Amino acid sequence: MKSRRAFIIMSVFFALVTFGMVIPVDAFGYGGHWKAGKIVVANRASGSISVIDTKTDQVSGTYALPAGTNTPEPMYVFYSPFKKRVFVGDRANNRVVVFKANDFSVETTVDAGAGVFHMWGGLKSRQLWVNNDIDKTCTVIDLLTLNVIATVSMPADLVTMGGKPHDVIVESNGKHAYVTLVGFAGTEDYVVKFSTVTFDEEARAAVGKDPHVSLNRWNHLLYVPCQGNDAVFVLNRKDLSLVKEISVPGAHGAGMSNNGLFFYATNISGGGTDAVYTIFTFFNVVIGDPADAPYPVPHNIALTWNGKKLYVTHSGGTSDKVTVFNTKGFFKPVPVYATEVTVGLNPFGLGFAP
């Protein structure tokens with residue numbers, strides 16, 4: 001297995017060099033070659049965020065969300081280089097909290113809809129899309145001005161069928177957002193493609209149950225882990241047609257390396273055994289052996305900018321662990337367990353900040 005992995009990686013590397021297709025490392029589309037930084041973890045049951053130093057894998061600080069009408073419930077995290085901000089969704093108070101990334105003081109809050117869940121930003125569109133699964137809308141926030149640009153309703157026919165928005169990702173070129181909808185009877189949930197200009201639906205696809213979503217800026221594909229189907233669905237972003245299904249047990253959390261060559265999916269239902277799978281996106285095949293974790297419910301994934309470390313939250317009401325894996329970049333991309341970090345209760349979403 002290891003020799004096969006090495007052969008595949010080396011073959012593609014030489015092919016890319018030969019045909020002048022070496023993939024640049026700056027996958028976020030803005031400057032800065034960060035060798036280290038911070039992993040920001042949303043502690044859903046503690047009302048706080050934990051900040052992990054990626055050099056030491058120690059918690060450098062824990063910061064409470066500001067008081068609200070209800071006890072804060074942090075969900076997911078997104079870093080924006082515009083004024084160096086960290087955005088944290090607060091489900092209990094229907095808002096997004098904006099932290100200053102240099103000292104994690106609170107800059108302000110921005111109102112969203114009811115049921116704040118996953119969120120993701122597009123830097124070229126300057127938009128943060130925040131899913132509201134109770135209102136069945138997405139709140140779109142300008143990453144620079146912090147104004148609410150739009151409230152995007154989910155397709156009426158899908159809402160009538162029981163659908164509600166769950167996960168979301170925005171293309172790096174800023175043109176489209178992709179939202180997963182869950183809650184349907186039967187064996188299928190959906191992915192819907194929206195324009196970030198008109199906010200209209202442009203395409204949709206039925207996929208497996210409990211879909212999450214990621215994309216690769218270096219190709220035309222969308223990666224959709226579907227836990228209920230033990231598979232990652234690979235879709236063509238143009239029309240959301242199915243390209244391939246990749247077998248991954250309990251496929252849930254999604255993480256893409258910045259060079260676009262490796263996609264990682266957590267096996268949330270595996271109890272810590274075979275916790276993280278590695279997919280080589282050039283051929284869309286699983287490579288290496290899945291990495292075990294010492295705790296159950298491996299949930300969400302964040303990678304360092306250089307792709308040499310991978311962090312996984314282990315969720316649950318009494319859980320307080322994030323596990324750390326070495327990925328060592330291009331030539332050794334398959335995660336190897338390294339250590340654990342104790343954070344707040346029910347660590348949920350997480351993200352990298354320089």
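This is a predicted model: local features need pLDDT of at least 70, side-chain atom pairs count only at pLDDT 80 or more; totals for chains, interfaces and linings use all residues.
**Overall form**

The secondary structure of the protein chain comes to two helices and 28 strands. Its radius of gyration is 19 Å, close to the 20 Å that the globule rule gives for 354 residues, and the chain is therefore as compact as a globular protein of that length. Of the 354 residues, 58% count as buried, and among the contacts with a separation of 6 or more, 47% are accounted for by residues 24 or more positions apart.

**The largest nonpolar core**

The largest nonpolar core has 18 residues, and those with the most contacts inside it are Phe87, Val96, Met119, Leu128 and Val130. The elements that give two or more residues to this core are strand 4 (74-80), strand 6 (95-100), strand 8 (116-122) and strand 9 (127-132). For Phe87, once its neighbours within four places in sequence are left aside, the contacts include Tyr76, Val77, Phe78 and Ser80, together with Val96, Val97 and Val98. Met119, Leu128, Leu143 and Leu146 are also in contact with Phe87.

**Salt bridges**

The count of salt bridges comes to 11, and three of them are set out here.

| Salt bridge | N to O distance | Relative accessible area |
|---|---|---|
| Asp157 with Arg204 | 2.8 Å | Asp157 39%, Arg204 31% |
| Glu171 with Arg237 | 3.0 Å | Glu171 6%, Arg237 10% |
| Asp320 with Lys321 | 2.8 Å | Asp320 23%, Lys321 12% |

In the salt bridge between Asp157 and Arg204, the closest N and O atoms are 2.8 Å apart. This pair links distant parts of the chain, with Asp157 in helix 2 (residues 156-160) and Arg204 in strand 15 (residues 201-207), 47 residues apart. Asp157 is partly exposed, and Arg204 likewise counts as partly exposed.

The side chains of Glu171 and Arg237 also meet in a salt bridge. Glu171 lies in the loop between strand 12 (164-170) and strand 13 (176-182), while Arg237 lies in the loop between strand 18 (231-236) and strand 19, so the pair ties together parts that are 66 residues apart in sequence. Glu171 counts as buried because its relative accessibility is 6%, where the cut-off for buried is under 20%, and Arg237 is buried as well, with a relative accessible area of 10%.

In the salt bridge between Asp320 and Lys321, Asp320 counts as partly exposed, whereas Lys321 is buried. Elsewhere, salt bridges that share partners join Asp157, Glu201 and Arg204 into one network.

How values were computed. Residues are numbered from 1 along each chain as its sequence is written. Side-chain values use heavy atoms; hydrogens and water are left out. A nonpolar core is a set of buried Ala, Val, Leu, Ile, Met, Phe, Trp, Tyr and Cys residues joined through side-chain atoms within 4.5 Å. Buried means under 20% relative accessible area, exposed over 50%, partly exposed in between (1.4 Å probe, protein chains only). Helices (H or I, at least four residues) and strands (E, at least two) are DSSP runs, numbered from the N terminus. Contact means heavy atoms within 4.5 Å. A salt bridge is a side-chain nitrogen of Lys or Arg within 4 Å of a carboxyl oxygen of Asp or Glu. The radius of gyration is taken over C-alpha atoms; the globule rule is 2.2 Å times the number of residues to the power 0.38.
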